[in-house]
Amino acid sequence: MKLTKKLLLATLVSGALTANAFAGTVEVLHYWTSGGEAAAAAELKKSLEAQGHEWTDFAVAGGGGDNAMTVLKSRAVAGNPPSAAQVKGPSIQDWAELDLLINLNDVAEAEKWDAVLPPVVAKVMKYDGHYVAAPVNVHRVNWLWANPEVFKKSGVEVPTTWEDFFAVADKIKAAGFIPFAHGGQPWQDATVFEDMVLGMGGADFYKKALVELDEEALGGKKMVEILTAFKKLKDYTDPSSPGREWNITTGMVINGKAAMQIMGDWAKGEFTAAKKVPGKDYICIASPGTKDAFVFNIDSMIMFESKNADNNKATKDLAKAILDPSFQKVFNMNKGSIPVRTDADMSDFDDCAKLSAEDFKKSAAAGTLVPSMAHEMAIPAAVRGAFLDTVTNFFNSKNATAKETAKKLVKAVKMAE
Ligand code: GAL
């Protein structure tokens, strides 16, 4: 067969159609390294490769993402940002202001994002009226994960209020188990702290203190009461708690060494990865005092403009893939979160996810849907840093009082603003 110009062209065109002529490489910086997180990230990789592109993985270990954000900043300063990065909340605005990000409006229009995203989510993803980030999921932060066997052996019920919590924890301790599985790291301390602010103060107080940074709320009697209870939690943790990663800590509830953990539903990804069944092997329940409220944390990817047109196209294809309904399903089933699309079919999801989706809608309508401070959804990064330092120092200090710490919170926040 003689290769004529016409034939060559035809082959090239047909080859191009199948192999995606604009195949590019997308380097993704993220911090999804635990069992459940990695399983979910692998689905994102698969969905990009299915479009003929190459995924370069840049995973930065360290739950909560503080390490990853430090690495991202140094790469950007060095003029070598990745193609995409897991960045959330108000920080998206900071990156967009630097004029480094791709405008995703063409993808958003073609894929009708405005029609399928909750307004609270679409707002976070936009800068100056245009999309600069793609939302992956909705995580709920105010969960308590419990091992039913440990509760049965201790002869107690899973607590729904903070009063119950301490009474139950005493009995579990007496029965020889670790009542409260906690990983002693600043972001984990802050996660439990914010769930306590919501559980003991309510949604309006939460908003006043952790979103509006109201001095009276931060430094007042209620905050002192909450900090006192927060510190008491330490008595129910184990000596190996300081510095422990969150997923190792979830493992203690999975294997029945400890009774309960308070953590966002990325913890559920670990139960799923361990093939545990909700309602049977573990119990998911709103953290004490928060059943009618929802602390939200939305994972999202920002996309950096590159000089290579094929890579930019590939990065946009990643954004498109992220909102694809079938990807939304398989990613969130692994990750423990719920799809961000309002039209998601939840029928195949487990009972924890179904409850999360219901409560997300109910709390949005009731005004009890609040952004996570600990997971960078509520306040600027610097102010969050001040919170984490103050809260974690108090939790680990021998002598600091709740009253002093409430005053310190007011001061630290003011200085960081
Ligand atoms: C959160 C993040 C989640 C999960 C968690 C633990 O900040 O949004 O996706 O990864 O940290 O690492």
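Which residues form one aromatic cluster with Trp162?

Reply: The cluster is made up of Trp162, Phe165, Phe166, Phe180 and Tyr236. Before going further, note that this is a predicted model, where local features need pLDDT of at least 70 and side-chain atom pairs count only at pLDDT 80 or more, while totals for chains, interfaces and linings use all residues. Residues are numbered from 1 along each chain as its sequence is written, and side-chain values use heavy atoms, with hydrogens and water left out.

Searching the whole structure turns up 16 aromatic pairs (rings of Phe, Tyr or Trp, the last by its six-membered ring, with centres within 6.5 Å; planes under 30 degrees apart are stacked, over 60 edge-to-face, the rest tilted). One of them joins tryptophan 95 to phenylalanine 304: the ring centres are 5.6 Å apart and the planes sit at 85°, so this pair is edge-to-face. Tryptophan 95 belongs to helix 4 (residues 91–97), while phenylalanine 304 is in the loop between strand 13 (300–303) and helix 16 (309–322), so the pair ties together parts 209 residues apart in sequence. (Helices, H or I with at least four residues, and strands, E with at least two, are DSSP runs numbered from the N terminus.) Tryptophan 95 has 8% relative accessibility and counts as buried, and phenylalanine 304 is buried too, with a relative accessible area of 2%. (Buried means under 20% relative accessible area, exposed over 50%, and partly exposed in between, with a 1.4 Å probe and protein chains only.)

The rings of tryptophan 162 and phenylalanine 166 have centres 6.0 Å apart and planes at 40°, so they make a tilted pair. Both residues sit in helix 9 (residues 162–174), four residues apart, or about one turn of the helix. As a rule, an α-helix has 3.6 residues a turn, so residues three or four places apart point the same way. Tryptophan 162 is buried, with a relative accessible area of 5%, and phenylalanine 166 is buried as well, at 8%.

Lysine 232 lies over the face of phenylalanine 166, at 4.2 Å from the ring centre. Lysine 173 does the like with tyrosine 236, lying over its face at 5.2 Å from the ring centre. (A charge sits over a ring if NZ of Lys or CZ of Arg is within 6 Å of the ring centre and within 35 degrees of the ring normal.)

Now for charges that meet other charges. Side chains of opposite charge can pair when their charged atoms come close. The whole structure has 19 salt bridges (a side-chain nitrogen of Lys or Arg within 4 Å of a carboxyl oxygen of Asp or Glu). Among them is the one between glutamate 49 and lysine 45, whose closest N and O atoms are 3.2 Å apart. These two are four residues apart in helix 2 (residues 35–49), so about one helical turn separates them. Glutamate 49 is partly exposed at 35% relative accessibility, and lysine 45 is partly exposed with a relative accessible area of 32%.

Lysine 208 and glutamate 212 form a salt bridge as well, with 3.4 Å between the closest N and O atoms. Lysine 208 counts as partly exposed at 39% relative accessibility, as does glutamate 212 at 48%.

Then there's aspartate 350, which meets lysine 268 in a salt bridge at 2.8 Å, N to O. Aspartate 350 is in the loop between helix 17 (325–335) and helix 18 (351–366) and lysine 268 is in helix 15, so this contact ties together parts 82 residues apart in sequence. Aspartate 350 is partly exposed, at 21% relative accessibility, whereas lysine 268 is buried, with a relative accessible area of 3%. Elsewhere, salt bridges that share partners join Arg140, Asp359 and Lys362 into one network.

Running over residues 266–273, it is mostly covered, with six of its eight residues buried. Those six are Trp266, Ala267, Lys268, Gly269, Glu270 and Phe271. After helix 15 comes lysine 275, which has a positive phi, near 60°.
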